[in-house]
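Thanks for making time this morning; I would like to walk you through one model, beginning with a single position and then widening the view. Please keep the structure open while I talk.

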Amino acid sequence: MSRYIFKLPDLGEGTVSAEIIAWRVAVGDVVAEDGPLAEMSTDKAVVEVPSPVSGKVLSLAGRPGDMVSVGAELVTIETDATAVAVPQAAPQVAPKGAPKGAVALPSPAVPTNAAGSDARPKASPRTRRQARDAGIDLHAVAGTGPEGRILSSDLASTPSSGAEREEIPVIGLRRLIAQRMTEAKRNSPHFSYVEEVDVTALEALRQDLNSNLATGQPAYSFLPLITAALAQMLRDFPQCNAHYDGARNMLVRFRDVHAGIATQTRDGLKVPVVRNVAARSIGDLAAEIRRVTDAARDNSARRDELSGSTITVTSLGKLGGIVSTPILNVPEVAIIGINKAIDRVVVHNGGMAIRRMMNLSSSFDHRFVDGYDAAAMIQALKERLEDPAKIIRR
């Protein structure tokens with residue numbers, strides 16, 4: 001009989017701690033080498049931590065929402081999986097907000113699954129999602145699977161919760177989003193500038209590009225065209241393609257444009273990065289936007305693909321509304337918001353005409369971008385979008 005104490009490894013880029021998002025095992029489970037143990041969140045991404053050995057899980061360190069330091073005990077595993085092991089007390093984990101150096105009381109061992117207890121019920125991630133969506137408390141479900149594991153079929157005869165409210169812990173990516181949005185609003189005094197753009201010619205260009213696509217190729221949206229035009233405009237407005245380094249009180253301007261693409265995922269908002277936008281053709285840019293946003297949505301994006309943007313573009317497509325006031329993606333000093341494109345009757349060349357119109361709703365850090373400069377950049381972008389022939393690079 002041998003115990004293996006698995007300590008949280010460095011999850012990349014000098015991580016000093018990570019947050020427990022979800023356990024993929026419970027005490028008493030037998031896990032295979034390289035099998036998933038837990039989902040941990042760093043300030044860059046959610047990472048699935050695999051087991052380095054095979055064996056029976058004896059103890060887990062903490063609960064979802066707890067922070068674990070790199071090098072601290074995470075899971076204790078009995079490497080003789082055929083032996084009957086007694087669950088041990090979980091390692092000490094300092095609670096959130098505890099003073100530096102504080103010692104937390106040991107957390108009690110997590111018992112094996114029993115309906116109605118405080119144990120984490122045994123169920124697959126798919127079954128947990130089904131129960132969550134249906135409002136079913138897994139503690140109240142009697143599992144019919146091996147060792148009491150709850151199966152999807154066990155949920156069919158269980159009534160959903162009739163509670164009038166639901167309490168959801170703010171952890172993982174949602175906690176990180178909340179922190180960053182609060183930081184941006186508190187520390188970056190930004191203003192928004194809205195301008196309408198006649199994108200009739202841009203729509204004609206988009207349709208022309210789509211008409212020349214090979215069968216099965218994804219159609220172009222406005223996003224790569226606007227992002228390409230933005231990169232061209234930033235050559236004349238470098239103060240908008242910048243970061244503010246508060247620790248050094250330094251404004252850092254960038255020659256290259258690395259566009260963050262705000263992307264809605266099932267876990268919340270992520271901003272994958274398309275690098276060197278100005279050097280890409282429209283086809284290459286569209287393909288790279290699709291690649292990084294798909295990777296963000298299916299959690300396959302690398303850490304370096306979720307950091308390093310110099311300016312962010314945000315769009316809700318058909319849900320884009322008429323006007324928005326996007327919040328800065330700090331430490332950036334500008335964000336460009338794309339609203340929906342609609343046909344409207346407008347005055348054009350002295351007469352009434354139906355034109356495809358779109359609003360750009362953008363925000364800027366007023367400490368470093370003056371109103372005049374923001375307006376001048378958006379007007380230059382508007383001019384390019386309304387006469388888009390120069391956007392295309394063959």
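Predicted model: local features only at pLDDT ≥ 70, side-chain atom pairs only at ≥ 80, totals over all residues.

**A buried valine and its surroundings**

Valine 369 has 0% relative accessibility and therefore counts as buried, a term that here means under 20% relative accessible area, with exposed meaning over 50% and partly exposed in between, using a 1.4 Å probe and protein chains only. Residues are numbered from 1 along each chain as its sequence is written, and side-chain values use heavy atoms, with hydrogens and water left out.

Valine 369 sits in the loop between β18 (351-365) and α6 (371-386), where helices (H or I, at least four residues) and strands (E, at least two) are DSSP runs numbered from the N terminus. If we set aside neighbours within four places in sequence, valine 369 is in contact with Phe191, Gln239, Cys240, Val333, Phe364 and Ala374, contact meaning heavy atoms within 4.5 Å. For glutamine 239, which lies 130 residues away along the chain, the C-alpha atom is 6.6 Å from that of valine 369.

Turning to the whole chain, the protein has six helices and 18 strands, and 45% of its 394 residues count as buried. Among contacts between residues at least 6 apart in sequence, 62% join residues at least 24 apart.

One of the helices, α1 (residues 125-134), contains arginine 126.
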